[in-house]
Amino acid sequence: MLFRATSFHLGQLKAKLAKLKRELLTPSTGGGGGTGVGFDVARTGVASVGFIGFPSVGKSTLMSKLTGTHSEVADYEFTTLTTVPGVLTYKGAKIQILDLPGIIEKAAEGKGRGRQVIAVARTCRLIFIILDVLKPLTHRAIIESELDNFGIRLNKEPPDITIKRKEKGGLNVMKTVALTKISDEELRAVFSEYRINSADVTIKFDATIDDVIDVIEGNRVYIPAIYVLNKIDQISIEELDLIYRIPHAVPVSANHEWNFDELLERMWTYLNLTRVYTKPKGRLPDYDDPVILRQDACTVEDFCNHIHKSIMKQFKHAYVWGSSVKHNPQRVSRNHILADEDVVTIVKK
Ligand SMILES: Nc1nc2c(ncn2[C@@H]2O[C@H](COP(=O)(O)OP(=O)(O)OP(=O)(O)O)[C@@H](O)[C@H]2O)c(=O)[nH]1
Ligand SMILES: [K+]
Ligand SMILES: [Mg+2]
């Protein structure tokens, strides 16, 4: 007899699959995956960019050209066997670049050094997925699925779903929009598979069941990614036209240093950093040496702590010029959120 999966069964299976994949995130002893030696690299700069790609797509070539740091380049696969760090300075910000060994299919399960490589990627602010334009574009899907298996979600916001578990009261699902991609049975199946019998669930967007599972599982990371399409010196102008339409993609030639300007500008946009200039009282702002803050920590207090830990003890208020304020200058308190290229004067007690 033909068996057709109901949405209850589908939900249940998806939850079971997610639980199975979780085991990948907990490194087991034994099995493949190498020793991890050399993967603990000192972090410098305000943010790290990790290079992920199949072997010989040109990761080390690109990293060497961008940073001036030597990383072995050769025409055989797995030339790079460990993390090779370099630093580049862009708009006054020191960005760490991590050249990594190539990964292959089933990397997340420990093939090659895949597990260590992806573990490094999980800690990066931005991922460059390097692709060879001469190779099939299916490589992109393989890499994405390997990262996905490791709980990395690319170019995606964390799902706007909250789940408050309770002792009793059953499952209460609040939807602020119509859910077109999830059925009630599927939701029930997932929560029952996770043995969550009572909870207040709020879903604030047209989520998929995978989004719900991600929130229940909880250990996901949401990282922006740029697809760096390398070796464009080997293709035709017509082909170049086509690949330019791929979202989040930047075509380059690492060998010839083509289109690095666009790549760096895109990197800057995706890193979403905030430059803040210091203006000592009665003097001109120091435009050469901005304080670089991350978007998730760019209050006046973050700015002060960045200059010196002791400043906040004497902090009275600050004056700000720039797009974060209505009047120039405007007096603000420690909680004020700064914007890119603001100028700040700190007034002490
Ligand atoms: N035609 C062309 N070849 C390139 C380009 N960039 C890199 N290559 C060549 O591609 C080969 C592999 O380059 P690598 O930089 O070693 O590649 P990788 O991704 O670091 O390789 P693994 O470390 O082995 O994973 C070398 O022969 C490079 O010269 C490019 O822009 N154009
Ligand atoms: K290589
Ligand atoms: Mg390499």
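What follows is a conversation about the predicted model shown above.

Reader: Before anything else, what kind of model is this, and how are things numbered?

Author: This is a predicted model, in which local features need pLDDT of at least 70 and side-chain atom pairs count only at pLDDT 80 or more, while totals for chains, interfaces and linings use all residues. Residues are numbered from 1 along each chain as its sequence is written, and chains are lettered from A and ligands numbered from 1 in the order in which they are written.

Reader: How many helices and strands does the chain have?

Author: The chain has 10 helices and 16 strands, where helices (H or I, at least four residues) and strands (E, at least two) are DSSP runs numbered from the N terminus. Its C-alpha trace spans about 85 × 60 × 45 Å along the principal axes.

Reader: And what share of the residues is buried?

Author: Of the 349 residues of the chain, 32% count as buried. A residue is buried if 20 or more other C-beta atoms, placed from the backbone, lie within 10 Å of its own, exposed if 12 or fewer, and partly exposed in between.

Reader: What about contacts between residues at least 6 apart in sequence, how many of those join residues at least 24 apart?

Author: That share is 65%, with two residues taken to be in contact if their C-beta atoms, placed from the backbone, lie within 7 Å.

Reader: Switching to ligand 1, which residues come nearest?

Author: There are 24 residues around ligand 1, and Gly 58, Ser 60, Thr 61, Thr 80 and Gly 102 come nearest; a residue is near a molecule if its C-beta atom, placed from the backbone, lies within 6 Å of it.

Reader: Which classes make up that shell around ligand 1?

Author: The shell around ligand 1 is made of 12 polar, seven nonpolar and five charged residues. Here Ala, Val, Leu, Ile, Met, Phe, Trp, Tyr, Cys and Pro count as nonpolar, Asp, Glu, Lys and Arg as charged, and the others, Gly among them, as polar.

Reader: Which helix gives the most to the shell?

Author: Helix H2, residues 59–67, gives the most, with three residues.

Reader: Now for H5 and H6, at what angle do they pack?

Author: Helix H5 (residues 184–193) and helix H6 (residues 209–217) pack at an angle of about 25°, with their axes 11 Å apart. Axes are lines fitted to C-alpha atoms, for helices over the stretch in contact, and angles run from 0 to 180 degrees between N-to-C directions. H5 and H6 are therefore roughly parallel to each other, since angles under 35 degrees count as roughly parallel, over 145 as roughly antiparallel, 65 to 115 as roughly perpendicular and the rest as oblique.

Reader: Which residues of H6 are buried?

Author: The buried residues of H6 are Ile 209, Asp 211, Val 212, Ile 213, Asp 214 and Ile 216. Just after H6, Gly 218 takes a positive phi of about 85°, and in the loop between H6 and strand S9 (221–223) lies Asn 219, which counts as exposed because it has 11 C-beta neighbours inside 10 Å.

Reader: Last one, where is the cis peptide bond?

Author: A cis peptide bond joins Asn 328 and Pro 329, with omega about -5°, and Pro 329 is in the loop between strand S14 (315–321) and strand S15 (330–332).
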